[in-house]
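The sequence and model are shown first.

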Amino acid sequence: MKLTMSNEVDLGKESVKKLFWILALPAILSQVINALYNVVDRMYIGHIPEIGSSALTGVGVCFPIIMIISATAYLFGVGGAPRASIFMGKKDNKTAEKILGNCFISLVIVALIITIIVLIFNEPLLYLFGASENTIGYARSYICIYAIGTISVMVTLGLNAFISAQGFSKISMLTVLIGAVTNIVLDPIFIFVFNMGVNGAAWATIISQTISAIWAFQFLLSKKTVLRLRKDCMKIEKDILVPCIGLGVAPFIMQSTESVLVLCFNSSLLAYGGDLAVGAMTILSSVMQFAMLPLQGMTQGGQPIISYNYGAEKLDRVKSSFKLQLMACFIYALALWLLAMFVPSLFAMIFTSDPDLVEITSWALRIYLFAIPMMGIQVACQQTFIAFGNSKTSAFLAIFRKLIVLIPLIYILPMILTDKVFAVFLAEPIADTIASVTTATLFYISLKKMIRTKNQG
C-alpha cells in the first residue's frame with residue numbers, strides 16, 4: 001500500500017534504511033520542537049529578574065500534572081496509531097478509520113474531564129507534587145491557565161500520532177513546528193514585554209497548542225490524508241477502542257508514572273536539600289524530557305515500518321528496521337552522555353543564572369544521566385513491543401523500571417549512603433541499568449520465538 005505524501009513512500013517495498021530516515025528525521029525534529037513548549041517556558045521563567053529561581057521551581061512542580069495530560073493523549077494516540085498501521089498493512093483501511101475516529105472522540109471526552117479536575121483540585125495536587133509556601137503561587141497561576149488548554153494539548157499529541165503512522169512525517173513535523181515557533185515568539189512578549197510573568201508563559205503555551213490542534217484536525221479532515229476523520233467512525237465501539245487502550249497502556253504508564261517519580265524525587269529532595277535541590281530536579285527533568293523525546297522520535301519513525309511489515313508478515317524487513325532503530329537510539333544516547341559528563345554546566349545555565357543552582361545541578365546531572373546510553377537500548381526494544389501490538393510485555397516493562405525498581409531506590413539509597421541528596425539522584429542510573437538489561441533480554445527471547453514460529457509455519 002502506498003502512502004501519499006510530498007514524496008511517496010511504500011512501507012512494504014522501499015529500502016528500510018531510506019524509509020527509516022524519511023520518517024524518523026521529521027519525527028525527531030517534531031519531538032525536539034514539542035519539547036520546546038515546556039523547556040522554553042522554563043528557560044524564560046528561570047531568568048525572570050529577582051524571582052526566577054522560585055518561579056522556575058514553582059512551574060517545575062506543575063510538571064507531573066502536565067505529564068499526566070500528555071500520557072492520557074498517548075493512551076489513545078500512541079495506543080491507536082500502531083493498530084491503525086497494522087490494519088493498513090492488512091489492506092483494511094475501514095477498520096483503521098474506525099480506530100482513528102474512536103480515539104479522537106475519546107481524547108475530547110477525557111480532556112474535558114481532566115480540565116475540570118485540575119481546575120478544582122489544583123492546590124492540593126501541587127502541594128502533593130512538592131510545592132512549598134514559597135512556590136505555590138507561581139505553580140497555581142501556571143497550571144490553572146494551562147488546564148484551559150488541555151483539550152488542545154491532547155488533540156495535538158493524539159492526532160499527530162495518526163498522521164505520523166500513515167507516513168506523513170513532514171505534516172507531523174509541521175503540526176508541532178507551527179505551535180512551537182508561535183510559543184517561542186509569544187513567550188518573551190507575554191513574560192517580559194507585557195510583564196505577565198508565569199501567567200504569560202502559560203498563555204503562550206496554550207495559544208500555541210490550540211493552533212497546532214486546529215492544524216492536525218483540519219489535515220485529517222482533508223482529502224490529502226489516507227485515513228480521514230469521519231463522523232460515522234466516532235461512535236465508540238468496545239471492540240475497536242479497548243485494544244487501542246490496551247496497547248496504549250505502556251506509553252501511558254511511561255508518561256504518567258513520571259508524575260509519581262517527581263512526587264517521590266521532590267519529596268525526598270525537599271526533605272534532604274530544600275527548595276534548591278527541588279529546583280535542580282526541575283532542570284534535570286527538563287533535560288531528561290528533552291533527551292527522551294528524540295529517542296521517541298526515532299522509534300516513531302521506525303514504528304510504521306515495523307508495524308506495517310509485521311502485519312504483512314515480512315519478518316526480514318521487521319528485523320532490519322529494528323536493528324537500524326536500535327543503533328540510532330544507542331548512538332544518540334551515547335552522544336548525550338558525553339555532553340552530560342563533560343559540560344554539565346551548559347545544561348544548567350540554559351535554565352538559570354543563579355550560581356548556587358548551577359552548581360548543584362551540574363554535579364547532579366552527571367549522576368542522573370550516567371546510564372543514559374542504556375536507555376537508548378531500552379527505548380528501542382520497548383517501543384518495538386508496542387509496534388508488534390504486544391501490550392502486556394510493554395506495559396510490564398514500563399511498570400518494572402519506575403514503580404518496581406526506581407521508586408524503592410529513591411527511598412532505600414538515602415538510608416544506606418551518608419550523602420542523602422547524592423543518594424536520591426543515584427537511584428536513576430541504577431534503575432536505568434537494571435531495566436535496560438531486563439528489557440533487552442525479554443526482547444531477544446521474544447524475537448527468537450517469533451522467528452521460530454514463522455519458520456515452523
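## A buried ring and its partner

In this predicted model, F425 is buried, with a relative accessible area of 0%. W363, by contrast, is partly exposed at 31%.

A pair of aromatic rings is described by the distance of the centres and the angle of the planes. For W363 and F425, the ring centres are 6.0 Å apart and the planes stand at 85°, so the pair is edge-to-face. The pair links distant parts of the chain, 62 residues apart: W363 belongs to helix α12 (residues 355–368) and F425 to helix α15 (residues 420–456).

## Aromatic pairs in the structure

The structure holds 14 aromatic pairs. One of them joins Y44 and F192 in an edge-to-face arrangement, with 6.1 Å centre to centre and 70° between the planes. Here, too, distant parts of the chain are linked, since Y44 lies in helix α1 (residues 16–46) and F192 in helix α7 (residues 169–193), 148 residues apart.

Y44 is partly exposed, its relative accessible area being 25%. F192 also counts as partly exposed, at 37% relative accessibility.

## Ring cluster and a charge over a ring

Which residues do ring pairs link into a cluster? The cluster consists of Y310, F322, F385, F388 and F443.

A contact of another kind involves F87: K90 lies over the face of this ring, at 5.5 Å from the ring centre.

Methods:
Residues numbered from 1 in each chain as written. Predicted model: local features only at pLDDT ≥ 70, side-chain atom pairs only at ≥ 80, totals over all residues. Heavy atoms only, no water. Phe/Tyr/Trp six-rings, centres within 6.5 Å; stacked < 30°, edge-to-face > 60°. Helix = DSSP H or I, 4+ residues; strand = E, 2+ residues; numbered from the N terminus. Buried < 20%, exposed > 50% of the residue type's maximum accessible area, 1.4 Å probe, protein only. Lys NZ or Arg CZ within 6 Å of the ring centre and 35° of its normal.
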